[in-house]
Amino acid sequence: MSQNNGREFIEKLETGIPGFDFLSQGGLPKGRGTLVAGTAGSAKTVFACQFLVEGIVRGENGVFVTFEEPPKALRRNMLGFGWDIQKWEEEGKWAFVDASPQPGERPMVSGEYDLGALIARIEFAIRKYNAQRISLDSLGAIFSHLADSAQVRSDLFRLASALRELEITAVMTAERTQEYGEISRFGVEEFVADNVVILRNVLADEKRRRTIEILKYRGTDHQKGEFPFTVIRNRGITIIPLAAIELEQKSSNIRITSGSEELDRMCGGGFFRDSIILVSGATGTGKTLMVTEFMAGGANSAERCLIFAFEESREQLFRNAIGWGVDFERMEREGKLKVVCRYPETTTLENHLIAMKEIIEEFKPNRVSVDSLSALERVSTLKSFREFIIGLTSFIKQKEIGGLFTSTTPTLLGGSSITEAHISTITDSIILLRYVEMYGEMRRGITVLKMRGSMHDKDIREFAIDNRGMHIGRPFRNVTGILAGAPIYIAQNEVERLSGLFEE
């Protein structure tokens, strides 16, 4: 505790774990213990290690007390995150206190085991290495080796009190048996922790989704609710705090070309520079062609363009572009284009989002296209997908980048998809591509459904595709029900009769 104008406030220690200091509004309460509880595989040990790693980066030494994995296994496992624990041990920055069970060791009874000796070892390590951070992994392991749980609770209380006396910031992990319910398996939280953080690894629709929640933060404020996080190789835990997204991005009146002069006219002069455009249509209606023309229009204006493709390979995209008279290879050589192709199934949406943000930060494009969102939708839960959409669109708008996303409709003649339901409200423009069946022939139609902040053409126009790209023609005047997915041809005399009803 520190004094401020006669009032006490809780000083916080920045953890350095990406996203956590925002959720906790400054980090972990300094000099206090925090319980990190979670089921098997929820990344408790990674959190405990990363807390010490980020401390070492900041010049704060750490002690790791292990009750489960031996230090040798931890050193090997954490190398995958790029953390060379052995080097830090040699430099006197990291110290292990090994209380893990030895092979062949028989279970103990409380009369034979006293935490006093362990507490003495911990105190010695803290003082010897001048440690400011300590991690204990995992408290529940003590219960599995001792018969008298009442004695263990008493000993744990002694341990927590000793750490508090030393004014060291502690992370203590404990295992849970279920994602929602009791905080820890052995009910240790009330004895050891002022603060409780819960890690979850929930299985929903055959897909895993990791979240973090600060359940209790005694005497200090924090963000409420669950937030997605991911565990990344060579980095560790990264939390995606959606609450950090604020509607503060600037709005530009500068127009950019869609790559098609006629579509620019339909949109009232082109897209706004920092707008998000959704292109919706059935397979084969020309969505990827619109992406290609959008990129070509940017390159012709000396803009840097970036494509994230989740359905087609690089070779397919380049071949298709050449077929429409666009040379992606030349654009790439000139540094005006970057193409990133990945299968959605290769990783989680959280990982995709972090990787996409990094590429955008590095390449600094003026335009970004994602083809298609519907491919990403199939590898996640609805909640994860919506969080991904919000995270990506807000990031693009804050960077004042023009974004064009494609979405595939569930039927050939239209209909709204789940993708559109989640993104349509946060897009600035929506362009619909539709098939129109007329006398046994399939034609294509295009309309600008929404153009935020601008007048736009309300007609449904026919368009054709050839080796020079998209050609937008005249409006459909004798067909109704196109957007509903049930086009009906109206005889010319009926069109004239209906028109006459509105003439004076």
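**Figure 1. The largest cavity and its lining.** In this predicted model, the largest cavity is lined by Pro228, Ile240, Leu242, Leu349, Glu350, Leu353, Ser384, Glu387 and Phe388. The space inside the largest cavity comes to about 60 Å³. Take a moment to sort the lining by class: six residues are nonpolar, one is polar and two are charged.

Figure 2. Around it you will find Gly31, Arg32, Gly33, Ala160, Leu163, Arg164, Ile168, Ala170, Met172 and Val192. Helix H7 (149-165) and strand E9 (169-175) are the elements that contribute two or more residues to the lining, and H7 gives the most, with three. By class, the lining of the second largest cavity divides into six nonpolar, two polar and two charged residues.

**Figure 3. Helix H15, a mostly covered helix.** Of the 17 residues in H15, 12 are buried. Among these buried residues are Ser384, Glu387 and Phe388, which also belong to the lining of the largest cavity. Others buried along H15 include Phe385, Ile389, Leu392, Phe395 and Lys397. Just after H15, look for Glu400, which takes a positive phi of about 55°.

**Figure 4. The largest nonpolar core.** This core holds 35 residues, and those with the most contacts inside it are Leu263, Phe271, Met295, Phe328 and Ile431. Helix H10 (residues 287-300) supplies the largest share of the core, seven residues. Zoom in on Phe328 and, setting aside residues up to four places away in sequence, you can trace its contacts with Thr292, Met295, Ile307, Leu317, Phe318, Ala321 and Leu337. Apart from this core lies another, of 34 residues, with Leu23, Ile85, Trp88 and Trp94 among them.

**Figure 5. His222 and its neighbours.** His222 sits in the loop between strand E11 (207-217) and strand E12 (226-232). With a relative accessible area of 9%, His222 falls under the 20% cut-off and therefore counts as buried. Leaving aside neighbours within four places in sequence, His222 contacts Leu23, Ser24, Gln25, Ile214 and Tyr217. One of these partners, Gln25, has a positive phi near 55°. Gln25 lies in the loop between helix H1 (20-23) and strand E4 (28-29) and is partly exposed, at 39% relative accessibility.

**Figure 6. Backbone details in the loops.** Most residues other than glycine have a negative phi, and most peptide bonds are trans. Asp137 and Ser138 are joined by a cis peptide bond, with omega about 0°. Ser138 belongs to the loop between strand E8 (133-137) and helix H6 (140-145). Another cis bond runs from Asp371 to Ser372, with omega near 5°, and Ser372 lies in the loop between strand E19 (367-371) and helix H14 (373-377). Do look at Asn234 as well: this residue has a positive phi of about 65°. Asn234 is in the loop between E12 and strand E13 (236-239), where its relative accessible area of 56% makes it exposed.

Key. Residues numbered from 1 in each chain as written. Predicted model: local features only at pLDDT ≥ 70, side-chain atom pairs only at ≥ 80, totals over all residues. Heavy atoms only, no water. Core = buried A, V, L, I, M, F, W, Y, C linked by side-chain atoms within 4.5 Å. Buried < 20%, exposed > 50% of the residue type's maximum accessible area, 1.4 Å probe, protein only. Helix = DSSP H or I, 4+ residues; strand = E, 2+ residues; numbered from the N terminus. Contact = heavy atoms within 4.5 Å. 1 Å grid on protein atoms, 1.4 Å probe; cavity = no way out; pocket = protein on both sides within 12 Å on 5 of 7 lines; lining within 4 Å. Points joined across faces, edges and corners; volume = space filled by probe spheres on them. Nonpolar A, V, L, I, M, F, W, Y, C, P; charged D, E, K, R; others polar.
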